[in-house]
Amino acid sequence: MVKTQSILYASLKPLVQLGAHLFFRKIELLNGNNLPTNRPVILVANHQNAMLDPVMLCQILPKQLHWLTRADIFKKPFVNKLLRGVNMLPVFRDRDRVEDLHAINNLTFSTCNERLHEHAIISMFPEGTHRGKKQLIPLKKGVARMALNALADGMDDLCIVPIGLDYGNYYKYRTTLLVNVGRPIEVKRLLKDESDTARAQNVLLAEIRAALKQVMIDIEPNDMYDYVHGVEVLCHKLEGSDDMGKQFKYYHRFVSIVNTQAKHLDALAVLAKPYINLKHKLHLHEQDYLERGLSAGGYIALLLGAIPAAIGAVVFGPFYLFAEAITNKIVKDPLFSNSIRISIWTFLAPLYMVLIGFMVCWWEHSIWMLLPTIFVLLVFGLLALQLWPVCKKFLHAMRCRKYAASGNEDFAAWLQTRQQLMDWIKQQMK
């Protein structure tokens with residue numbers, strides 16, 4: 001019997017979904033109806049945030065995903081069984097230095113074909129590595145080989161679906177994530193006139209690359225990356241709404257203009273460099289900058305929720321420090337930090353609350369205090385999570401008011417440069 005469903009995957013998914021929606025401030029799926037459910041699908045996505053990328057796709061997409069993953073992490077028997085238990089399959093690379101590399105990988109491809117015949121979704125990151133930048137690097141040929149292999153195995157209805165992952169930040173808590181599903185690439189239709197295998201691979205890779213560029217942010221001029229990326233939040237504000245999909249489209253259009261029209265780069269650098277430098281010097285955060293301070297609702301939320309949120313912060317403070325200590329000890333590549341954090345909070349935070357609940361029961365000599373204590377801790381913790389961004393905006397507004405009241409010249413220069421930069425961006429977007 002061909003395996004297309006994993007009990008372990010299904011069991012872990014609700015818990016991971018809960019952890020993800022607590023860890024992230026906002027998660028949004030855009031164009032989810034582009035993902036077919038009744039035909040063989042190869043899913044390809046940009047790879048920017050280590051293990052968090054596959055985890056987030058697994059929790060947000062409705063159908064179970066089957067991942068092709070580098071083989072070196074399958075070495076230990078327990079890890080091998082665990083990974084295969086959540087639909088992961090090994091792929092060996094040249095650097096792994098194994099004999100009969102292609103023969104071994106063909107066994108994995110055969111398994112993929114069996115699952116594709118049952119309308120499974122085979123998923124992979126065609127870049128072959130991750131990096132903490134909004135850029136698309138050259139694609140490996142593995143995805144093209146797999147697609148041609150499946151086509152040769154009779155899967156005329158095979159399609160490749162591109163997905164773009166767009167994080168608000170790769171390293172911090174309570175950021176945002178947009179998952180953007182592109183239109184399926186009909187493999188047989190695309191390659192109907194291609195008889196040469198090597199040429200067919202190149203045609204398919206070029207089509208996948210073009211499709212990925214449509215669903216993700218790809219900042220091409222590497223020497224201008226900091227400037228183009230540094231105005232992303234400004235573009236979001238200029239779009240004028242809180243809709244992540246609309247913000248993405250606005251910034252995607254701006255990046256496309258910069259990528260294709262080099263004449264804009266010098267002007268962008270002249271404006272963006274002082275804007276970014278002054279922002280860092282004054283410890284300003286564009287996402288927290290409010291021209292008119294907090295709304296009345298924001299002040300009311302702070303007043304009403306301050307005490308329970310403070311209690312929640314104090315209670316979960318030790319666990320936060322524990323999570324950070326473990327993360328800093330384990331992680332060598334900073335891009336793995338949030339992968340470790342979300343795992344710790346998802347699987348250990350519930351145990352932490354139960355432990356505190358039993359401590360309260362012991363103190364009060366009553367087991368009936370367990371569930372009420374856990375409930376109160378959960379509510380206070382959620383309040384702390386929700387009010388922390390409001391508190392940051394409040395403190396940021398106070399800092400800006402202080403700069404303005406004292407006549408800080410750097411702050412005045414930042415405001416002027418900021419307005420000039422926003423006017424310039426609006427001019428390019430006309």
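At roughly what angle do the axes of helix 1 (residues 7-23) and helix 2 (residues 52-60) cross? They cross at roughly 105° and come within 9 Å. Before we look further, note that this is a predicted model, in which local features need pLDDT of at least 70, side-chain atom pairs count only at pLDDT 80 or more, and totals for chains, interfaces and linings use all residues. Residues are numbered from 1 along each chain as its sequence is written, and side-chain values use heavy atoms, leaving out hydrogens and water.

**Two helix pairs**

Two packed helices are described by the angle between their axes and the distance between the axes. Here axes are lines fitted to C-alpha atoms, for helices over the stretch in contact, with angles from 0 to 180 degrees between N-to-C directions. Helices (H or I, at least four residues) and strands (E, at least two) are DSSP runs, numbered from the N terminus.

| Helix pair | Axes come within | Crossing angle |
|---|---|---|
| Helix 1 and helix 2 | 9 Å | roughly 105° |
| Helix 9 (residues 232-239) and helix 15 | 10 Å | roughly 65° |

Helix 1 and helix 2 are therefore roughly perpendicular (65 to 115 degrees). Their contact (heavy atoms within 4.5 Å) involves Tyr-9, Lys-13, Val-16, Gln-17, Ala-20 and His-21 of helix 1, together with Val-55, Met-56, Cys-58 and Gln-59 of helix 2. Six of these residues are nonpolar, three polar and one charged.

Helix 9 and helix 15 are roughly perpendicular too. On the helix 9 side, the contact is made by Leu-234, Cys-235, Lys-237 and Leu-238. Helix 15 brings Arg-418, Leu-421, Met-422, Ile-425 and Lys-426. This contact has six nonpolar, no polar and three charged residues. In this classification, Ala, Val, Leu, Ile, Met, Phe, Trp, Tyr, Cys and Pro are nonpolar, Asp, Glu, Lys and Arg are charged, and the others, Gly among them, are polar.

**A residue in helix 15**

Why does Thr-417 count as buried? Its relative accessibility is 11%, and buried means under 20% (1.4 Å probe, protein chains only). Leaving aside residues up to four places away in sequence, Thr-417 touches Leu-271, Pro-274 and Tyr-275.

**Strand 5 and its partners**

Strand 5 (residues 121-124) is covered on both faces: Ile-121 and Ser-123 on one side, and Ile-122 and Met-124 on the other, are all buried. Strands pair if DSSP finds at least two bridges between them. Strand 2 (residues 41-45) runs parallel to strand 5, joined by four bridges, and Val-41 stands opposite Ile-121. Strand 3 (residues 65-70) also pairs with strand 5 in the parallel sense, over three bridges, with His-66 as the bridge partner of Ile-122.

Conventions:
Buried means under 20% relative accessible area, exposed over 50%, partly exposed in between (1.4 Å probe, protein chains only). Angles under 35 degrees count as roughly parallel, over 145 as roughly antiparallel, 65 to 115 as roughly perpendicular and the rest as oblique.
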